Amino acid sequence: IATIAVVSLAVAAVAGQTQRPRSERGGAAAPAFSAKTPWGHPDLQGIWDFRTVTPMERPVELGDKAVLTAKEAEEFEQRTVASRDADQKRSSTVTARRQVNGTTETEDLALAYNDFWWDRGTKVVGTRRTSLIVDPPNGRFPPLTEAGEKRLAAEDAVRERLSEGPEDRPVGERCILGFNSGPPMTPNAYNMNVQLLQTSDYVVLLNEMVHNARIVPLDGRPHGNIRQWVGDSRGRWDGHTLVVETTNFYQNTSLRGSSSNMRLTERFTRVSADMLLYEFTVNDPKTWTKSWTAQIPMMKTDLLMYEYACHEGNYGMTGILSGARALEKAGEGTAPSKSPQ
């Protein structure tokens, strides 16, 4: 992680400046790059970086403003990078606590890593859109269904009480899924790289986060019946665009709020030698009142993919659960309740 955080900063500047615009609702523009594999498919191979400071949802205070001016974008980038500076947050937190009680208390978990370890990106997407969500037009998630609200409330209740077992802990903490690898892939804290490899019959999506490899067949076979953590993916070509349909997710996916019945449609279009436009549509009637679509530019990088050696679930879980049992024994905890599935 440290190596990625240091050596990949130069890529972020390119990522924010070279995205080519598409229609506001996400319709594909004619690709500007038509490299082919030896067997005739569009060549999407390479390592792609999807860092950006553009948020998934449009900030409420921006109202109907869909696109920033160049000056507004620069100011937004500066504010966002400054607000995420872990070194500055740590210094401010420790200073404030010393002023209150004269001692330095244990810092919040969010401040456990200094800024060296984070790699969230520094630039907005090239179109200067105020959100990665392009549909609905307001750039925000659609309203939750009643079932979705109940499920999220139940999940929040589990997070707020002592953990009964490992299944109560987030899947990222348990080293099962990465918090940006999805599917769908969404910008987050670090390791925002994905490698695409192709044969005539398969496409492989290898994420640096949790080094997960999704093997996507292109031969038209139907979806299987076995639920999986990353779902069951099938691919096809739509002109120059690779379309990947994924169903049969196991429990809840790493996409906040989605259910195991989510149907995910991802589109990969190479629009230049150094840019892959990634678009995904989420259709989950058990969670949202309508489907929604986001677009993320992925920039070509010649950096290496590094192992993500996740050990939180291996070593941290013992301490988390034994601590919870100790608090219960001391009468300081709440009674366990069933984790939502």
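A salt bridge, as the term is used on this tour, is a side-chain nitrogen of Lys or Arg within 4 Å of a carboxyl oxygen of Asp or Glu. The model open in your viewer is a predicted one, and a search of the whole structure finds 16 salt bridges in it.

Begin by selecting Glu-266 and Arg-214, whose side chains meet in a salt bridge with an N to O distance of 2.8 Å. This pair links distant parts of the chain, since Glu-266 belongs to strand E8 (residues 263–272) and Arg-214 to strand E5 (residues 213–217), 52 residues apart. If you now show the surface, Glu-266 has a relative accessible area of 0% and is therefore buried, and Arg-214, at 5%, is buried as well.

Next, select Glu-77 and Lys-123, which form a salt bridge whose closest N and O atoms are 3.7 Å apart. Because Glu-77 lies in helix H3 (residues 70–83) and Lys-123 in the loop between H4 and E2, this pair ties together parts that are 46 residues apart in sequence. Glu-77 counts as buried, at 9% relative accessibility, whereas Lys-123 is partly exposed, with a relative accessible area of 27%.

Move on to helix H5 (residues 146–160), where Lys-150 and Glu-146 both lie, 4 residues apart, which is about one turn of the helix. Between these two residues there is a salt bridge, with the closest N and O atoms 3.5 Å apart. Lys-150 counts as exposed at 56% relative accessibility, and Glu-146 counts as exposed at 55%.

For the last stop among the charged side chains, select Asp-49, Arg-51 and Asp-119 together, which are linked in a network of salt bridges.

Tyr-113 is found in the loop between helix H4 (86–101) and strand E2 (133–135), and with 37% relative accessibility Tyr-113 counts as partly exposed.

Finally, look inside the model, where there are 2 cavities of 30 Å³ or more.

Notes. Residues numbered from 1 in each chain as written. Predicted model: local features only at pLDDT ≥ 70, side-chain atom pairs only at ≥ 80, totals over all residues. Heavy atoms only, no water. 1 Å grid on protein atoms, 1.4 Å probe; cavity = no way out; pocket = protein on both sides within 12 Å on 5 of 7 lines; lining within 4 Å. Points joined across faces, edges and corners; volume = space filled by probe spheres on them. Helix = DSSP H or I, 4+ residues; strand = E, 2+ residues; numbered from the N terminus. Buried < 20%, exposed > 50% of the residue type's maximum accessible area, 1.4 Å probe, protein only.
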